[in-house]
Amino acid sequence: MSATIVARHLTKRYGDRDVVHDVTFEVSPGSIFGFLGPNGSGKSTTIKMLCGLVEPNAGQASVNGFDVKTQSPQVRRSIGYMSQSFSLYGDLTVRENLQFYGRAYGLDAGRRLGRAEEVSALTGLGPYAAQLAQTLSGGWKQRLALACALLHEPAVLFLDEPTAGIDPVARRALWDLLFNLAGKGMTLFVTTHYMDEAERCSALGYIYDGDLIALGTLDELRSLPHVDPPGTVRYRVTVDRIMPAFAQAQKLPYMRDVTIFGRDLHCLVEQGITSERLRADLIEAAGTIDSVDRIGPSIEDVFVALTRARAAA
Ligand code: ADP
C-alpha cells in the first residue's frame, strides 16, 4: 500500500539557517508515527510544511496523495491539525465550539449536527455539551480540540504535543482515543516529549537541530550501534541507597554510562563484566542490592545515546 505521508528531502530555511534540513520519511496508512526531538529542533515546522501552511524551500512532500506545494487546499481539506495553539472559544459551550469549527470547515447545517454528535460520542464529550469550554479541565479541553479537528472526517491527523500539560490519567485516555482512531484506519502524526508515548507509536522519527537522525521502529532504534554499542552489556541494578551507589558506579573503570531510574541504576558496562562483579563492586555503597538483571536499552536510552552521538559529531 502506498504511504499516506511522504516527505522527500524536505527543507525549510529561516534567514541563513535550515531549521528543517533534508528530511525524508514515509508514514503508512493507519499507523501512528511519533515525531520526537528537543525543543526548537524543527518538529512544528515539519508539521506546518506537511499541512500546507508553510512552504518548503526545497524537497517535496505529499499527504493523502496531494502535493503540499501545489495542492495545499486539498491537503488542508483532507487533514486534521491539532496545533499547540489550537484555540477553543472559552466563552462558547462545547456544542457551540463544535458548531463554530464545523462552519469553519464548510460543513452544511445537517452534516454539522450529525458530525458534532459523532465526534462527541467518540470523545466522550456528550455530557459536557452545554458546558462552557473555559470551565473544562485540561484533559477535556484537549479532547474538545481533538473533536473539533475530527469534524470533517480527515484521513490524516497531525497532533503537535497533544498531551503537553495534562495529567497522566487524561493522557492515557487521549492515547486510547488515538489508538481507536488508528484502528479505524486514520493515519496519525504525533509529536511528543514523553518517552512512554513514543513507545506506543508504530514508527518513530527523531529530529535534532533540523536533521532527522533516526527513523524506524523502536526495536530498530534500540539496535543501532550508538545505542547498543558492540562490546557492551546493560544491567539494571536495584539498590537500597541510590545516590551513593550511583556515585560509586561512576567511578568504576569499566562503566561506560550510568543513569538513575527510581531505585534502579541502568549501567552500560564493558562486555565480560558479570552481574556478580558489578554487585560486588557496588554493594558497599549501595547497602543492599535486590537484583542485578541484564536489560536492553530503554527508549530514553535510545534518545540520549542518539543525541550525545550527534552532539559529539
Ligand atoms: P520544535 O517544534 O521542534 O520546537 P520549531 O519547528 O518550532 O521546533 O522551530 C525550529 C526552529 O525554527 C527554532 O529555532 C525556531 O526558533 C525557528 N523558527 C520557527 N518558526 C520560525 C519563523 N517563522 N521564523 C524564524 N524562525 C522560526
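Colleague: Which residues surround the ligand?

Modeller: A residue is near a molecule if one of its heavy atoms lies within 4 Å of it. Here the ligand is surrounded by Tyr-14, Arg-17, Val-19, Pro-38, Asn-39, Gly-40, Ser-41, Gly-42, Lys-43, Ser-44 and Thr-45. This is a predicted model: local features need pLDDT of at least 70, side-chain atom pairs count only at pLDDT 80 or more, and totals for chains, interfaces and linings use all residues. Residues are numbered from 1 along each chain as its sequence is written, and side-chain values use heavy atoms, with hydrogens and water left out.

Colleague: What lies 2.9 Å from an oxygen atom of the ligand?

Modeller: Start with the rule: a polar contact is a pair of N or O atoms within 3.5 Å. An N or O atom in the side chain of Lys-43 sits at that 2.9 Å distance. Ser-44 uses a backbone N or O atom, 2.8 Å from a ligand oxygen. For Thr-45, a polar side-chain atom is 2.6 Å from an oxygen atom of the ligand.

Colleague: How much of the ligand's accessible area does the protein cover?

Modeller: Accessible areas come from the Shrake-Rupley method with a 1.4 Å probe. On its own the ligand has 560 Å², and the protein covers 60% of that.

Colleague: Which elements give two or more residues to the shell?

Modeller: Helices (H or I, at least four residues) and strands (E, at least two) are DSSP runs, numbered from the N terminus. Strand 2 and helix 1 (43–50) are the elements in question. Helix 1 supplies the largest share, 3 residues.

Colleague: How do I read the strand pairing around strand 1?

Modeller: Two strands pair if DSSP finds at least two bridges between them. Strand 1 pairs with strand 2 (residues 17–27) in the antiparallel sense, over 7 bridges. Ile-5 stands opposite Val-27 there. The two strands form a hairpin with 2 residues between them, and Gly-15 in the turn has a positive phi of about 65°. Strand 4 (residues 58–63) also runs antiparallel to strand 1, joined by 5 bridges. In that pairing, Ala-7 faces Ala-61.

Colleague: Where is confidence lowest, and where highest?

Modeller: pLDDT is the predictor's confidence in each residue, from 0 to 100. The protein chain averages 93, and 100% of the residues score at least 70. The lowest confidence is in helix 11 (residues 299–312), at a mean of 84; strand 1 (residues 5–14) is highest, at 98.

Colleague: Why does Ala-116 count as buried?

Modeller: Buried means under 20% relative accessible area, exposed over 50%, partly exposed in between (1.4 Å probe, protein chains only). Ala-116 counts as buried because its relative accessibility is 10%. Its place is in helix 4 (residues 109–123).

Terms used:
Polar contact = N/O pair within 3.5 Å; in protein donor to acceptor, adjacent residues only side chain to side chain.
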